[in-house]
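Hi everyone, thanks for making time this morning. Please have a look at it on the screen first.

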Amino acid sequence: MIRTGVKSVIPIKLCHVHKFTVQSQRFAPTWSIINSSKSTIKMATEIKFNESLTRSDPQLQPVLIIGQLRHLNLLKFGHLASKLEPRVTEETFKSAIACLHPAPTDKCSLYLDVATVAALPLKASRHNTASRAHSITRLVKNHVLNVNEENVVLVCERENIFASACAVVRAFPLYSRKTGSGSGNKTPNAGGDADANRSVINVEFVVIDKDGCIEEKPLTQDELNCLQESERSIRLAARIVDTPCNEMNVDHFIENVREFGKELSLEPQIIRGEELKERGFGGIYGVGKAAAVPPALVVLSHEPKGAQETIALVGKGIVYDTGGLSIKGKTAMPGMKRDCGGAAAILGAFYTAVKCGFKDNLHAVFCLAENSVGPNATRPDDIHTLYSGRTVEINNTDAEGRLVLADGVCFANKDLKANIILDMATLTGAQGIATGKYHGAILTNSEPWEAKALQAGRKSGDLLAPIIYSPELHFSEFASAVADMKNSVADRQNAQASCAGLFVAAHLGFDYPGVWMHVDMATPVHCGERATGYGVALLLTLFGSRTNCALLQSIAPTDEEPPSKRMCRD
């Protein structure tokens, strides 16, 4: 047996190597697939979820099998024979599984590079997702071949189907402006999707039940529809975030909202430009008034009969953030196209939630602006009156996201009468310092909903970690001698991520009787230079019990009391 840098269990007799490499023609199509992958890597990818394993030849459709080692050890060759025969034997399969020693992951080739089995990390800590979603994404990114059609088989428990599927989706971003492939230059379409050469990834599941047996029941059509709509929404959010401002300004974002609203038979409410000023939206107007394309507050509303509660999702949609007159440096500004990540995630989540039969009133509020530099730009020392009626002294024009969100949450309360308000934003660099690049930060006035949000993060793979909610200790950071508050803290070493969220809550009112949640996802919105679509799966899971989708209902957070429910005492 020849061993190379990559584990392989393909037996090759040394004396016959020359025959294998030169004379054996049956491998030619396989080598053609491998060699052609470099020239087709720029093609767009369609992701299809299948109800059960379909039959395919890995020589024609490469297959990547991913699972935890304890689950892979439960498999018999017959469970995967439809994906591996006639190229892989039972002996080869057993030998491959025995070769796996994940640290943290591991993979073994079953047949050249077109049939591979990969093991996920052995352990997941209490702050991680049991699905090992981030490892799934990395394995898929690194080991799919980007050919015309291939398969990813996920071996997992039923409760991890949704998170595992979303993890695969994150490996295939849509936006690209690369000018074609080796077969000739082809220009992507206006949406940034290279449709000319479309590859297909078939995602299939082997489901392990709680007793360690293989479930024979295929996925239902309802489950497949949920996964397919979620896939579309995650990639939509990632595409918007990846798209530069010259192609995704406020006008373009509104067009995306219109398109998805049309699919849902909903017409957005739009307040723009000078009308924002006239109606008192001093935060959104003040941030976006210097840009060539005027700012906007855009609302999509789903109001079904029999709704019991009203939920508003408020998204920060800064399509580009120069920092304004408090301008960012040359190394800090690149990447600021991602500052609309919260609004993008909310658009995707809203779309899929409605498609899955959301039973309560659901509003998506998009606070859209470009924080630009120009003669009309907001200056440090300017004072703006926000929609709450409270005045804000601007001491940092680069702390603009909280200004637009403050108008958004106030609108959700005053005009939409929402009793649950969640805002999502790429708000602070301090979030990455506080909770890292995998976990968003959750700040809320409700301990039960904090527990639900943390649980939803683990179930969805869009992880969260709590940050301090203590307005009586931290809000004094915004004290102003001439206005109700400043927009940036006095002490940047004092819980910056919490303080930024508290600024938003102050305009809702710290005595707001409903539930308010703030998700800062400045760091997990991207991985390297590509967007992740973070937030879509999180919101769908958090509010999954309010949909008609059985899959989302099964992973929605429970109403269990948190370990300690502390009341605020005078």
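Let's start with N487 and its neighbours. Leaving out residues up to four places away in sequence, N487 touches V392, E393, I394, N395, N396, A399, R402, L403, F478 and F503; a contact here means heavy atoms within 4.5 Å.

Before I go further, a word on what we are looking at. This is a predicted model, so local features need pLDDT of at least 70 and side-chain atom pairs count only at pLDDT 80 or more, while totals for chains, interfaces and linings use all residues. Residues are numbered from 1 along each chain as its sequence is written, and side-chain values use heavy atoms, with hydrogens and water left out.

Back to N487. Where does N487 sit in the fold? N487 lies in the loop between β16 (485-486) and α17 (496-508). Helices (H or I, at least four residues) and strands (E, at least two) are DSSP runs, numbered from the N terminus. Is N487 buried or exposed? N487 counts as buried because its relative accessibility is 0%. Buried means under 20% relative accessible area, exposed means over 50%, and partly exposed is in between, with a 1.4 Å probe and protein chains only. The side chain of N487 also reaches the backbone oxygen of N396, at 2.8 Å.

Now to the helix after that loop. α17 has 13 residues and reaches 19 Å from its first C-alpha to its last, close to the 18 Å expected at 1.5 Å a residue. That expected span is 1.5 Å times one less than the number of residues. How many residues of α17 are buried? The count is 12 of 13, so to speak a mostly covered helix. The buried ones include A497, L502, H507 and F503, and F503 is also among the residues that N487 touches. After α17 comes G509, with a positive phi near 110 degrees.

Three strands form an open sheet in the order β11-β12-β16, with mixed pairing. The edge strands are β11 (383-385) and β16, each pairing on one side only. Two strands pair if DSSP finds at least two bridges between them. Strand β12 (residues 391-393) and β16 run parallel and are joined by two bridges. Within this pair, V392 stands opposite M485 of β16, and V392 is another of the contacts of N487.

Let me move to two other strands. Strand β14 (residues 440-444) is mostly covered, with five of its five residues buried. In a regular strand the side chains alternate between the two faces of the sheet. For β14, G440, I442 and T444 are on one side and A441 and L443 on the other, and all of them are buried. β14 runs parallel to strand β15 (residues 464-466), with three bridges joining the two. There, I442 stands opposite P466 in β15.

The second one is strand β9 (residues 310-321), which is largely enclosed by the rest of the structure because 12 of its 12 residues are buried. What joins β9 to strand β10 (residues 361-371)? There are 11 bridges between them, and the two strands run parallel. In that pairing, Y320 faces E370 in β10.

V319 belongs to strand β9 too. V319 counts as buried, at 1% relative accessibility. Leaving aside neighbours within four places in sequence, V319 is in contact with C245, M248, N249, V250, F253, M336, K337, C340, A369 and E370. V319 and G341 are 22 residues apart in sequence, and their C-alpha atoms are 8.8 Å apart in space.

Finally, the whole chain. The protein chain has 19 helices and 19 strands. Of its 570 residues, 59% are buried. Among contacts with a separation of 6 or more, 76% are between residues 24 or more positions apart. The chain exposes about 23800 Å², with carbon and sulfur atoms supplying 50% of it; these areas come from the Shrake-Rupley method with a 1.4 Å probe, and for residues only the protein chains shown count as cover.

To come back to where we began: N487 is a buried residue in the loop between β16 and α17, with its side chain reaching the backbone oxygen of N396.

Notes. Polar contact = N/O pair within 3.5 Å; in protein donor to acceptor, adjacent residues only side chain to side chain.
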